[in-house]
Structure formats: structure tokens, C-alpha cells
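Have the model open beside you as you go.

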Amino acid sequence: MNMKKTFLATLCLMTGMTIHAQQIDVQPVPQQFTEATETLMLTGSYQFNGENEANPYAINGLKTLLNSKQSAKDGIRIYIGERGDKAIRKYNKFIPKQDEGYFLRITPKEIVLAGNDEQGTFYAVQTLKQLLNDNQLPITEITDYPEVRFRGVVEGFYGTPWSHQARLRHLKFYGENKMNTYIYGPKDDPYHSSPNWRLPYPEDEARNISELVDACRRNRVDFVWAIHPGKDIRWNEEDYQNLVNKFEMMYDLGVRSFALFFDDINGEGTNPVRQTELVNRLVGDFVEKKGDVTNLIICPTDYSRLWANPGPDGPLSIYGRTLHPSVEIFWTGDVVCSDLTKETMQWLNERIQRPGFYWWNYPVTDYARHI
């Protein structure tokens, strides 16, 4: 994953201390932090340790943050890397063991950005960016990690999809605020849904998707491309191959995460047995075969408790008994737009026999635009 070399680079910052306190203002709020009573003024030189070991996107972010500085051979030391890297090895005991966690320390003599993994190091840099104010940093220690595995946005609404530039701005915001998932599934994209889900994107739209994938990579966001075939899917070999071919097209554009939406449809497309057979076959023929594709995500037709069949013959229970255990299953709660509760997730999880993947529709009004 990382180049195991020791690297020492030098960049320029002036350093000094002031007794003026700086408020710790970070979003999301870190798990643990020490109150700052002093600040570090960045006005001198510093040494940069760990460039060839650390997450390159974290390194690029740090360099961008400090891009006006000159090179020097001495000054405050900056240590950056992931658990086990030589540059930050002596700080391993402080790094949280949770996925995407990090340890950040700012003292008068050093700045430490130590991730449990590459994502954690990237998030440490985002926190440092938020803390930097008027060329000052608070003297503090922060230990942080996410409590929720998937944090992000589903572009899955009806109406005019976001523009390409709007999506790029969104992705930058997600990275800065430690969100790790963007699901592309605008209902009125004809190549996502009917009538053209079987067809490749036109050249200009395909290029935009490649750019979004690259932007997600830079911002450490997982780009998930979703397809909505249920309106007119034919449960035959031809349409199965059409689906595989479309996945291959998206894979060639750089996509490595995929979702299938069977929401808001009727007719034969709602058949949960057929849906399960299709998804299980895709796991073997595509996900496992590729080796670098993440777990599939599925949105069931019964995505709300409001109309879901609660019995053992209901679609959710069929999923639980027969759907490949790696597949993530969406759920919107008691109704289409509702808040997450422990009770509704227990109700769901008992049926699908895995933790549900929550699609929080509460702020969405595309189906009721008069609100």
C-alpha cells in the first residue's frame, strides 16, 4: 500500500508561541480533544517527515495548505503517516484502532498527523486545515474516528440532476468534512434508469463520470454508481448480459463500487426471488471475478416499513434467507422520509439477517415539491 522508505523534506514556516487561546472548532466534532489554552504561530521553518510513506492525497492536501512556505533545514517537525510507518511509529500507541481513525498532536515543537489507515491520515489533514486560523494553530491533541461506517450522500432524487460542477463542489465538501460515500443514482438520468440503462453513456457524459471518479479519489470518497433497471427489466439471459456489459462499461470509467435500485417500480421487476438470483449471480460473475470491486448495494422494492410485507414470505425475509451475505441493503425507516431509530433497524435487521444500510430521506422533498 505504501512505499516503505524514510523521507525527510523541509518546508518553511516561522514558529512561535502565544498565550492567546484558540477555540477548538472542528466538524464533525472529534471523539476526544484537549482544550487549547495556547496557540502556535506558524512564522518560521519546519521539517517534513514521512512523505514517501503516507497517503499521497493527505500529503498533497498538507502541501496545498502550506503552499506559500519556503524550504529550510530546521524548525518545527511535522510527522505524517499511517500506523506502522517509520515516521510515526513512536506514536502508534496513541492512534485509535478504529477504521479511518487518526491521532493529531500540535505542540510548540512538532505536529503529528498519524492515521490508523490512509483514510485516517487524510482526515487528520482535514482537521488541521479546519484548525488553522490566521496562521495559528491551537496547542492540542485530538483522537478521532467515525462511529458510522458509511457517511455521505445519495443523489437519488427525481427532477433535474445536479450539474457536473455542482457535483465536483459537493465532493470537495465531502472530503473536507470526512464523508466517505457518494452514490450516483439520479432518477432522471436515462442511462441510470429506463429507457437507456442498457446503453453506454455518450462520450461527454462518460468523461464527466471519469472526472467524478477522480475527484472522489482525491477527496477520499467512494464513488458508487447505481443502476435502476427494474421498470422494464426482462428476467432472461439477454438482459443479464446487458447489465453485466453496463457494469463493465462503468468499470472501464474507473468505477469500483456499484448499486442496484429496485425502488419505485411495479410489475415483474419487483419479484424478490428474481432480484436475489440476479444479485447473487453478479457477486460471483462480476464482484468476485474483478477482485477490486466493493460489496454490492441494493435498494429493495420494500424499502420502507410503511408498505413492507413483514412475514416470512415477504421480500425482506427472502433477502435474508437467500441474498449473498456481502450485499448491503438500503432502508428508509418506518416511512419514506423518517429519522433513524433503533427500533426500525432491529425490525429490518431481523428480516434481512445483516445490518441495514440507512438511506435517510428526511430532508428530501422531490416527491412533494409544494413543501
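**Exercise 1: Serine 317**

Task: find which residues serine 317 touches, not counting residues up to four places away in sequence.

Solution: Take contact as heavy atoms within 4.5 Å. Serine 317 then touches Gly311, Pro312 and Arg351. Last, is serine 317 buried or exposed? Buried means under 20% relative accessible area, exposed over 50%, partly exposed in between (1.4 Å probe, protein chains only). Serine 317 has 9% relative accessibility, so this residue counts as buried.

A word on the source: this is a predicted model, in which local features need pLDDT of at least 70, side-chain atom pairs count only at pLDDT 80 or more, and totals for chains, interfaces and linings use all residues. Residues are numbered from 1 along each chain as its sequence is written, and side-chain values use heavy atoms, with hydrogens and water left out.

**Exercise 2: Helix H3**

Task: check the span of helix H3 (residues 164–176) and find what its buried residues pack against.

Solution: The expected span is 1.5 Å times one less than the number of residues. Now list the buried residues of H3: His164, Ala166, Arg167, Leu171, Tyr174 and Gly175. They pack against helix H2 (118–131), helix H4 (203–218), and strands S11 (152–155) and S12 (181–184), strands being DSSP runs of E, at least two residues. After H3 comes lysine 178, with a positive phi near 65°.

Definitions and conventions
Helix = DSSP H or I, 4+ residues; strand = E, 2+ residues; numbered from the N terminus.
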